[in-house]
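Dear colleague,

Please find the structure below, followed by an account of what was found in it.

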Amino acid sequence: MQRPAQLHLSFELDARGSTILRVKTQQPPWRVVRGFDAPSGEKLAHVHNVSGGILDTDSLEWRVDVGARAQAQLTSTGATRVYRSRSHDRVATQRAVVTLGEDSYFEYLPDQLIPFAGSRFEQSTRIDLARGASMIWWDLIAPGRDASGELFGYESLSSTFEVCACGEPMATERWNIAPQTQRLDSIARLGPFRYFASCYVCRAGESANYWRALENDLQVIADRRTTADVSWGVTSLRKHGLVVRGVAMSGRSLSDGLVEFWRAAKWILCGRAAALPRKVH
Amino acid sequence: MPDMMALLRLQQFADSALPIGGAAHSFGLESLVDAGLLNTENLEAFLEDYIQEVGVLEVAYCARSCELRQQHLLTWLGWNLDFAARRPVRESREASAAMGKRFLDLAARLSNSDLLQEAAERGSEVHLALCFGLTAGVMGIDPELAAAVFLQQSLTTLISCCQRLLPLGQTRAHEILWRLKPAIVEAARLGADTSPGDVFCFSPLLDVASARHPSLHTRLFIS
């Protein structure tokens with residue numbers, strides 16, 4: 001059994017009350033250079049996968065701890081490419097664990113995930129929010145290398161995504177896509193669309209009325225951005241947050257939409273103007 | 001083989017005329033029809049895939065609830081929270097909870113079961129699939145059978161909703177439900193054999209459609 005390659009980041013407050021980044025563990029292919037000061041006040045870190053993508057022999061793990069009142073922003077340096085599996089049965093895996101301390105703030109704004117033809121990938125994410133912790137987390141899944149005409153050529157892509165607040169489950173996604181055996185163009189799945197995205201906006205302890213009001217505010221953006229080629233919906237979770245979901249014919253329309261939802265949600269959630277993380281490549 | 005009395009009671013609880021509000025909800029189908037994505041031509045294929053995704057998830061919780069023992073009521077209430085976490089869309093989740101509460105209150109009243117009455121008196125968030133399973137278990141029904149009956153009842157409700165949204169006649173509606181039975185049986189088997197936490201469900205378009213439902217200009221349904 002291969003030992004997973006680990007990355008462990010800890011965002012903490014220093015004595016002056018500024019957020020600092022401690023890279024507690026980083027094993028290849030993970031690489032984080034240092035923390036940058038984002039214009040909106042968070043400590044920004046770029047996560048590099050120096051191998052350029054995910055191989056079927058990869059077993060990856062990353063952990064992020066955001067201490068009480070610390071503010072952090074995490075992004076990738078480019079799209080996550082999942083390469084064609086060279087073996088008959090190996091599945092590349094990536095596990096993420098995120099813990100957010102009381103009154104902390106965390107944003108995860110990665111580039112899209114692109115599963116290449118013949119790839120197999122399994123990812124799981126577990127996020128725990130303490131009281132008062134806030135989070136904006138988006139993800140965007142491509143059907144493959146669209147520009148090369150490669151659509152849904154991968155073998156399998158599965159994901160488990162769990163968010164808990166104060167020890168109680170607030171959202172759980174668990175899905176598996178196997179394009180060779182599933183009708184992805186079914187209206188019960190993606191219909192005519194190819195890309196899909198989610199953006200979770202959460203704060204542990206905020207009232208249901210708060211989320212309904214934010215749902216209404218963001219739904220205005222969803223309505224404006226919905227066309228024949230892209231469709232957005234916004235909905236409150238059971239407690240502590242909401243999720244924006246989108247499906248589209250192109251990745252660009254989803255990524256542009258995610259940025260607008262993020263900007264609006266961040267302004268309402270914490271009164272700070274959002275600035276896209278500077279990329280270091 | 002359960003006794004005839006238990007089967008008759010199960011049939012009553014699975015009747016679409018049960019006053020729990022099922023006819024008021026479309027669970028996102030109204031939005032799909034409004035967007036021009038769902039029509040009479042693709043309805044049957046949609047429902048078959050819906051069974052494989054949403055259906056299996058619901059029957060897994062239904063079947064697991066059917067196996068519950070009296071002393072594990074708190075565990076069951078926890079499963080309801082897990083189920084709610086897996087239903088991201090507010091309107092559909094609230095519909096499931098509202099129908100679950102009405103179902104449980106009615107089942108507790110009719111059956112005089114201590115377990116159902118205690119569950120109803122807790123006043124916690126409960127969902128229809130789990131309440132149906134819990135009730136079937138009290139009556140001694142096999143979990144897989146309970147899951148199949150629940151799923152058929154759910155599909156009957158969705159098809160009935162489509163009869164109000166689409167030019168879908170009674171005969172065609174029953175043909176569709178008839179042809180879906182192998183998929184229902186397979187989903188019930190899979191759901192009964194799988195821990196609910198392990199069940200996959202991939203329905204992003206349905207999630208988006210359900211989330212867009214409050215924005216529709218005219219609506220026949222609450223969800």
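Two residues are in contact if their C-beta atoms, placed from the backbone, lie within 7 Å. The model is predicted, so local features need pLDDT of at least 70 and side-chain atom pairs count only at pLDDT 80 or more, while totals for chains, interfaces and linings use all residues. Residues are numbered from 1 along each chain as its sequence is written, and chains are lettered from A and ligands numbered from 1 in the order in which they are written.

Chain A

Among contacts in chain A between residues at least 6 apart in sequence, 73% join residues at least 24 apart. Helices (H or I, at least four residues) and strands (E, at least two) are DSSP runs, numbered from the N terminus; chain A has two helices and 18 strands. Its C-alpha trace spans about 50 × 45 × 35 Å along the principal axes. The radius of gyration is taken over C-alpha atoms, and the globule rule is 2.2 Å times the number of residues to the power 0.38. A compact globule of 281 residues would have a radius of gyration near 19 Å, and the 18 Å of chain A agrees with this.

Two strands pair if DSSP finds at least two bridges between them. Strand β1 (residues 5-13) of chain A is joined by seven bridges to strand β6 (residues 59-66) of chain A, and the two run parallel. β1(A) also pairs with strand β2 (residues 19-26) of chain A, in the antiparallel sense and over seven bridges. Which residues stand opposite Leu7(A)? In β6(A) the bridge partner is Trp62(A), and in β2(A) Leu7(A) stands opposite Gln26(A). The hairpin of β1(A) and β2(A) has five residues between the strands, and Gly17(A) there takes a positive phi near 85°.

Chain B

Chain B has eleven helices and zero strands. Its radius of gyration is 17 Å, close to the 17 Å that the globule rule gives for 223 residues, so chain B is as compact as a globular protein of that length. Among contacts in chain B between residues at least 6 apart in sequence, 84% join residues at least 24 apart.

Axes are lines fitted to C-alpha atoms, for helices over the stretch in contact, and angles run from 0 to 180 degrees between N-to-C directions. The axes of helix α6 (residues 114-121) and helix α7 (residues 128-138) of chain B come within 9 Å and cross at roughly 155°. α6(B) and α7(B) are therefore roughly antiparallel (angles over 145 degrees). Leu115(B), Leu116(B) and Ala119(B) in α6(B) meet Leu134(B), Thr135(B) and Val138(B) in α7(B).

Where the chains meet

The contact takes 32 residues from chain A and 31 residues from chain B. On the side of chain B that touches chain A, α11(B) gives the largest share, seven residues. The residues of that side divide into 20 nonpolar, three polar and eight charged; Ala, Val, Leu, Ile, Met, Phe, Trp, Tyr, Cys and Pro count as nonpolar, Asp, Glu, Lys and Arg as charged, and the others, Gly among them, as polar.

A residue is buried if 20 or more other C-beta atoms, placed from the backbone, lie within 10 Å of its own. In α11(B), nine of its nine residues are buried, including Leu205(B) and Arg212(B). What covers them includes β16 (195-203), β17 (230-236) and β18 (241-248) of chain A, together with α2 (29-34) and α5 of chain B.

Yours sincerely

How values were computed. Angles under 35 degrees count as roughly parallel, over 145 as roughly antiparallel, 65 to 115 as roughly perpendicular and the rest as oblique. A residue is buried if 20 or more other C-beta atoms lie within 10 Å of its own, exposed if 12 or fewer, and partly exposed in between; C-beta atoms are placed from the backbone.
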